[in-house]
Amino acid sequence: MSEERFGEFVLVRRHADGHVAELALDRPKAMNAVSTAMARSVSAACAALGEDREVRVVVLTSTHERAFCVGADLKERNSFSDADLLRQRPVTRGAYTAVLELPVPTVAAVHGFALGGGFELALSCDVIVADRTAVVGLPEVSVGVIPGGGGTQLLPRRVGAARAAELVFTARRVAAGEAHELGLVDQLVEEGRDREEALELASRMAANSPVGLRAAKRALRLGHGLDLRAGLEVEDAAWRSVAFSGDRAEGVAAFNEKRAPRWPGE
């Protein structure tokens, strides 16, 4: 396993021959509160991972024992002028967008608090694995703002408009069991097992064609929300991008030869 640091607060670890990358939020003294510096580091790490053709899956984790991420750094923001806040906005928004737009499958491993922007980072991933200590929520209206890292758009896509409205308008925190029942998280695992289970899931994903994984994610993301006919056109375009690839030829050959594929990744 190799490690690379992006700024002071983000650590990237590479697993499974570099095919699984772990993006670890590493600001333990602030329970991973998203400061301007941390947001820049998340964006930089995602840019590097997105361009690395060896990376097939990214797992978003936390080094803090009791929190995934508690959201925006309100201590930093308390010192801001209106002009400071306006200047910060594209930086913080860029971090959430960078996770959302990673071209490979993403898995969030959540334990403890995942609130506000912290939960939005998890929502930006394709799959959320949470342990039984997880507490999630979008409490922004309780401090006079709204979810601004994608929460008002990503949450209703998961749980429906009415349920999302109730959660956003009440600003309530949701414990792991209810979060799983409502679909706020996808897999519920035993305490302390979120990272291990997320990495295991990522390894199963990464065993598949890197060309296929990227194309499948593109089809899923671009097709979501379109009418069926338009969605099927998105799917067809993604299919055409892989149908004549080296991965497709290798996958068919490996199946017929009853062996594990050796993906060329092109």
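## Nonpolar cores

A nonpolar core is a set of buried Ala, Val, Leu, Ile, Met, Phe, Trp, Tyr and Cys residues joined through side-chain atoms within 4.5 Å; buried means under 20% relative accessible area (1.4 Å probe, protein chains only). This is a predicted model, in which local features need pLDDT of at least 70 and side-chain atom pairs count only at pLDDT 80 or more, while totals for chains, interfaces and linings use all residues. Residues are numbered from 1 along each chain as its sequence is written, and side-chain values use heavy atoms, leaving out hydrogens and water.

The largest nonpolar core has 51 residues, and Leu23, Leu155 and Leu184 have the most contacts inside it. Helix H1 (residues 36-51) gives the most to this core, six residues; helices (H or I, at least four residues) and strands (E, at least two) are DSSP runs, numbered from the N terminus. Another core, of 14 residues, lies apart from the largest one and includes Val57 and Leu201.

Four strands form an open sheet with mixed pairing, in the order E5-E7-E9-E10; two strands pair if DSSP finds at least two bridges between them. Strands E5 (67-69) and E10 (174-175) stand at the edges with a single partner strand each, so one side of each has no neighbour in the sheet. Strand E9 (residues 135-137) and E10 run antiparallel and are joined by two bridges. Val136 has Val174 in E10 as its bridge partner.

## Cysteines

The structure holds zero disulfides, a disulfide being a pair of cysteine sulfur atoms within 2.5 Å. The sulfur of Cys46 is 8.5 Å from its closest cysteine sulfur, in Cys125, which is too far for a bond. Cys46 is buried, with a relative accessible area of 4%, and Cys125 is buried with a value of 4%.

Key
Buried < 20%, exposed > 50% of the residue type's maximum accessible area, 1.4 Å probe, protein only.
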